[in-house]
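Subject: Handing over the structure

Dear colleague,

Please find below the structure I promised to pass on to you, together with its sequence.

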Amino acid sequence: MKRILITVTMILMLMAIMSGMAYAGTGITQSDIKEGLKFCEEYPVGLSLDGQRIAFSQSDVPPVIVKERTLIPARALFEKMGGKVTWQNDTQKVYVTYDDTEVVLTIGSNKALVNGKTQNLEVPALIIDNDGDYYGSTMIPVRFTAEALGCEVGWQDSTRSVLISSPVKGEEPVVTEPNENNSTGSDSNTVGSWQFDQLHEAAKGKIVAIDMGHGGKDSGSIGHKGQADELQEKDVNLAVGLKLNEYLKSAGVSTCMIRDSDVYYTLLERAQKANNIGATIFISVHNNSSTAASAHGTEVLYNSKVNGDGENEQQLYGIDSKTIATNIENEMVSILGTTKRGIKNSPEMAVLNKTSMPAIIVEGAFLSNENDLQMMQKEEFADHYALAAAKGIVKSLNDAYK
Ligand SMILES: [Zn+2]
């Protein structure tokens, strides 16, 4: 009995010492951590990766702010990003690797290694036990680690969220400014027999990201495959996108082309580029195909997004993808003379759900349909497609920003 009492007393003493204990040399005390946990329980901190909110598992300690630095469970974010997180118990080290960067954090140490080079941390990685069960989670400083791996890190006050953009592979996208006032000074120009409106002053500066679907090793659909007049979707999309860029610039719209040559990017990379540049509209130029040779016409896909706080596109951007899709579908059918297949809510499409802004995919015509393909073989197809898409975008922007 006595022995048990002594043991209990010792445990209690040890706990008392530990609760006040500072992590040697870091300036962080247990009460800093307790304070942070209490505050974040009342005002939870969210985390999003490329516009997608990260969900934490029940066993995770949710993000906690200690001395103005946010700590997150090591695995939640970086494994989702495609990185690797390993924990070495005997050395108390966390290894986070992504692409060719390795970050090594040691529990309670203000020194971290980034590809072998020592860097200083203001708040170290910590083992935090939020519910008093003495099973802690390994928590690491999110900004330091993410930036070391090449991510962009931001903070959104309205949602109390850490916003992470994963690193852009390949070239950084560039915004091209619209053309200087195009001589006439009027509100619209005519292109062929079509009237083409100029962008309202209130919509100036909004960026339209133009994504030409497929490219490089990915040809997309192929019409008349193996024949002399074989047509690859990636080439049509590129021709359309380049013209679309010209039309938008001439109307006063700032643009950013996701690709402007015959190169391949993954769907995620395309979305990330648009996210990183802060585009207001993402348009992906495609053409269609079907095993049913009779399928033909134009359709536009959209994704009515709602963020983690229930805010819709209209509330977040002042413009929504369904309206843009409708406007482009109407212009396409009118200018190209294609069959109206309509607009489709398609949240499953990667470029529509990995982009944070209103995004649409235009499927101009079917390479698998004889009549559509004949139209697509003609020189003016890309030009008319581009004009229709540009008109639809400018109308959407002008209606939204008056
Ligand atoms: Zn396609």
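This is a predicted model: local features need pLDDT of at least 70, side-chain atom pairs count only at pLDDT 80 or more; totals for chains, interfaces and linings use all residues.

Before the first point, a word on how to read a database annotation: UniProt positions are given here in the numbering used for this structure, feature names are shortened, and an annotation may be inferred rather than shown by experiment. With that in mind, an unreviewed UniProt entry lists residues 271–394 as "domain: MurNAc-LAA".

The whole chain

The protein chain has 11 helices and 26 strands, and its C-alpha atoms fill a box of roughly 100 × 50 × 40 Å when this is taken along the principal axes. Of its 402 residues, 48% count as buried.

The zinc site

Which residues coordinate the zinc ion? They are H214 through its NE2 atom, E233 through OE and H286 through ND1, at 2.1 to 2.2 Å. Along the chain these donors follow the spacing H-x18-E-x52-H. Since E233 belongs to helix α5 (residues 233–251) and H286 to strand β23 (residues 281–288), the pair ties together parts that are 53 residues apart in sequence. Both E233 and H286 are buried.

Another part to look at is an open sheet of four strands, which come in the order β5-β6-β13-β12 and pair in the antiparallel sense. The edge strands are β5 (64–66) and β12 (126–128), each of which pairs on one side only. From one strand to the next, the twist averages 40°. Helix α2 (residues 30–42) packs on this sheet, where it touches β5 and β12, and its direction makes about 140° with that of β5.

Within the sheet, β5 and strand β6 (residues 69–73) pair over three antiparallel bridges, in which V64 has L71 as its partner in β6 and V66 has R69. The hairpin of β5 and β6 has two residues between the strands, and K67 takes a positive phi near 50° there. On the other pairing, β6 and strand β13 (residues 137–141) are joined in the antiparallel sense over three bridges, and the partner of L71 in β13 is P141. Four of the five residues of β6 are buried, so this strand is largely enclosed by the rest of the structure.

K67 also takes part in a salt bridge with D32, where the side chains meet at 3.9 Å from N to O. This pair links distant parts of the chain, with K67 in the loop between β5 and β6 and D32 in helix α2, 35 residues apart. Is D32 buried or exposed? Its relative accessibility is 16%, and because buried means under 20%, D32 counts as buried.

Other salt bridges

The count of salt bridges comes to 11. One of them joins the side chains of R75 and E79, at 3.0 Å from N to O; R75 is partly exposed, with a relative accessible area of 40%, and E79 is partly exposed as well, at 37%.

R143 forms a salt bridge with E147, and the closest N and O atoms of this pair are 3.0 Å apart. Both residues lie in helix α4 (residues 142–148), four residues apart, which is about one turn of the helix. R143 counts as partly exposed at 39% relative accessibility, and E147 counts as partly exposed at 40%. Elsewhere, salt bridges that share partners join E299, R341 and K344 into one network.

A second hairpin

Finally, strand β17 (residues 188–191) and strand β18 (residues 194–197) pair in the antiparallel sense over four bridges, with T190 standing opposite Q195 of β18. These two strands form a hairpin with two residues between them, and G192 in the turn has a positive phi of about 60°.

With kind regards

Definitions and conventions. Residues are numbered from 1 along each chain as its sequence is written. Side-chain values use heavy atoms; hydrogens and water are left out. Donors are N, O and S atoms within 2.8 Å of the metal (3.2 Å for Na, K and Ca); water is not among the atoms, so sites may look incomplete. Buried means under 20% relative accessible area, exposed over 50%, partly exposed in between (1.4 Å probe, protein chains only). Two strands pair if DSSP finds at least two bridges between them. Axes are lines fitted to C-alpha atoms, for helices over the stretch in contact, and angles run from 0 to 180 degrees between N-to-C directions. Contact means heavy atoms within 4.5 Å. A salt bridge is a side-chain nitrogen of Lys or Arg within 4 Å of a carboxyl oxygen of Asp or Glu.
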